[in-house]
Amino acid sequence: MDNVTILDHPLLQHKISMLRDKNTGTNEFRKLVSEIAMLEAFEALSDLPTEDIEIETPIEKCMTPVIAGRKMAVIPILRAGLGMVDGILTLVPTAKVGHIGLYRDPDTHEPQEYYCKLPSPIEERTILVVDPMLATGGSGSDALRMIKEHGGNKIKFMCIIAAPEGLERLHNDHPDVQIYVGHLDRQLNENAYICPGLGDAGDRIFGTK
Ligand code: PRP
Ligand code: URA
């Protein structure tokens, strides 16, 4: 799967391990999600095009690179994706933020759509879709479909933990999308939760349940 990058930096893996711990409380969990998102985005955005501009340093004038071209949009899948936005905006403060609301039906595990508000026009932006968990891949795949229906065409998807089943689904449904994964876990259980995973990401970020 040449459009999939599994990120293996030791600092990232350390933080993901802390996140998994059931004794990690809401405050710490939120902080870790934000830091992990920033570290992942640093890698996922490593191909952003640059252009040289002239700057005068205290010593002399020089041509030096800045980010060029397309503007960015970060699109979290609600709710849990919200936890990743701040970390990415630390790196790219000028990015616009769209929102896609999806929840998994507890019985069928199928995503149910309840909200969609995207920056317009979306066509001209590099889009980073974020959700901590890629389980069956239903939510991620639907979110990408919705963005494409609105005209999005340069899209990256970033998650913290993926199950093999979800990664395969997303790759098959959207072979044109670059996928970045913090850690690839073993499998889904009978409730379509990722094993070993970290439990319910939304509940852990927002302290619900
Ligand atoms: C979680 C998670 C993903 C989805 C992944 O959201 O944040 O969006 O499940 O599962 P899938 O790959 O099988 O679709 P959830 O539906 O629990 O909603 P929440 O973020 O509002 O808690
Ligand atoms: N959603 C979560 O938050 N966790 C999982 O393991 C699967 C879906």
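1. The model is a predicted one, and I would begin with Glu 40, which is found in helix 2 (residues 26-44). Glu 40 is buried yet takes part in no salt bridge, the nearest side chain of opposite charge being that of Arg 20, 10 Å away. Among the residues that Glu 40 touches, leaving aside those up to four places away in sequence, are Leu 7, Leu 12, Met 158, Ile 160 and Val 181.

2. Across the whole structure, 9 salt bridges are found. In one of them Asp 47 pairs with Lys 156, with 3.0 Å between the closest N and O atoms; this joins the loop between helix 2 and strand 2 to strand 10, 109 residues apart. Asp 47 is partly exposed at 45% relative accessibility, whereas Lys 156 is buried at 2%.

3. Asp 176 and Lys 148 also form a salt bridge, at 2.9 Å from N to O, and it connects the loop between helix 5 and strand 11 with helix 4. Within helix 5, Arg 169 and Asp 173 are 4 residues apart, and therefore separated by about one helical turn; their side chains meet in a salt bridge of 2.9 Å.

4. The structure holds 1 aromatic pair, formed by Tyr 103 and Tyr 114, which are tilted at 40° between the planes with their centres 6.1 Å apart. Tyr 103 lies in strand 6 and Tyr 114 in strand 7, so the pair ties together parts 11 residues apart in sequence. Separately, the charged end of Arg 104 sits over the ring of Tyr 193, 5.4 Å from its centre.

Terms used
Residues are numbered from 1 along each chain as its sequence is written. Chains are lettered from A and ligands numbered from 1 in the order in which they are written. This is a predicted model: local features need pLDDT of at least 70, side-chain atom pairs count only at pLDDT 80 or more; totals for chains, interfaces and linings use all residues. Side-chain values use heavy atoms; hydrogens and water are left out. Helices (H or I, at least four residues) and strands (E, at least two) are DSSP runs, numbered from the N terminus. Buried means under 20% relative accessible area, exposed over 50%, partly exposed in between (1.4 Å probe, protein chains only). Lys and Arg count as positive and Asp and Glu as negative; His and the chain ends are not counted. A salt bridge is a side-chain nitrogen of Lys or Arg within 4 Å of a carboxyl oxygen of Asp or Glu. Contact means heavy atoms within 4.5 Å. Rings of Phe, Tyr and Trp (its six-membered ring) pair if their centres lie within 6.5 Å; planes under 30 degrees apart count as stacked, over 60 as edge-to-face and the rest as tilted. A charge sits over a ring if NZ of Lys or CZ of Arg is within 6 Å of the ring centre and within 35 degrees of the ring normal.
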